[in-house]
Amino acid sequence: MSKVIFEGTEEQREKLLSCIQAHRGEPGALMPVLHEAQNIYGYLPSEVQTAIAEGLDVPLAEVYGVATFYSQFSLAPKGKHAISVCLGTACYVKGSDKVLEAIEKELGISCGECTPDKKFSIDSCRCVGACGLAPVMIIDGEVYGKLSAGDVAGILDKYIKG
C-alpha cells in the first residue's frame with residue numbers, strides 16, 4: 001500500500017479539537033470522537049488518532065484498536081467514488097475475486113487503496129444481502145449485479161467520464 005500524505009486543514013483541526021474538548025472526561029468518549037473525526041476527515045489517519053489519544057488522555061494503542069476493530073472506521077482516505085466488491089460466499093463462488101482483480105487492474109490500485117487523484121477507492125466486504133445478484137459490486141450506493149470481469153471497464157467508464 002502506498003503511503004498516504006495527510007492533508008488536513010486548520011478548520012478540520014479546530015473542529016476535531018472542539019469535539020475532543022466537548023467529550024473529554026466522559027465515559028465512553030472515544031467512540032463519539034472517532035465518529036466525529038471520521039465525519040470531519042473522511043478517514044482516521046495516524047495524525048488524527050494521535051490527536052485523539054492525546055486529547056482524551058487514552059493510549060494511542062486503544063484508539064488504533066477501536067478504529068481497526070469497527071468496520072465503519074477507515075484508516076485510508078476514500079475516493080470520490082467508493083467501490084465495494086462483495087467477497088461473501090455466493091459472490092465469491094460466482095467470481096467476485098475476478099471482478100475485484102479487474103477493478104484493481106483498471107484503476108491501478110489495490111483493494112484498500114485510493115487513486116492518487118482521489119477519484120476512486122476500492123474496498124471489499126463480506127455480504128451485501130444481494131446474493132441472488134452475485135457477484136455484486138457497489139459504487140456510490142448503486143448496486144451492480146451478475147457481473148463478470150469483462151463488465152468492469154464499461155461500468156467504470158461512466159464514472160471516469162462523468
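**Exercise 1. Which residues are buried in helix α3 (residues 46–56)?**

Before starting, note that this is a predicted model, in which local features need pLDDT of at least 70 and side-chain atom pairs count only at pLDDT 80 or more, while totals for chains, interfaces and linings use all residues. Residues are numbered from 1 along each chain as its sequence is written, and side-chain values use heavy atoms, with hydrogens and water left out.

Step 1. Helices are DSSP runs of H or I with at least four residues, strands are runs of E with at least two, and both are numbered from the N terminus.

Step 2. Buried stands for under 20% relative accessible area, exposed for over 50%, and partly exposed for what lies in between, with a 1.4 Å probe and protein chains only. The buried residues of α3 are V48, Q49, I52, A53, G55 and L56.

Step 3. These buried residues pack against α1 (10–23), α2 (30–41) and α4, where contact means heavy atoms within 4.5 Å. Just after α3, D57 takes a positive phi of about 60°.

**Exercise 2. How many disulfides does the structure hold?**

Step 1. A disulfide is a pair of cysteine sulfur atoms within 2.5 Å, and the structure holds zero of them.

Step 2. For C91, the closest cysteine sulfur is that of C86, at 3.6 Å, which is too far for a bond. C125 is likewise in no disulfide, since the nearest cysteine sulfur, that of C86, is 4.7 Å away.

Step 3. C91 is also buried, with a relative accessible area of 3%.

**Exercise 3. Place G95 in the fold.**

Step 1. G95 belongs to the loop between α5 (89–93) and α6 (96–107), and counts as buried at 17% relative accessibility.

Step 2. Between G95 and V143 there are 48 residues in sequence and 16 Å in space, taken C-alpha to C-alpha.
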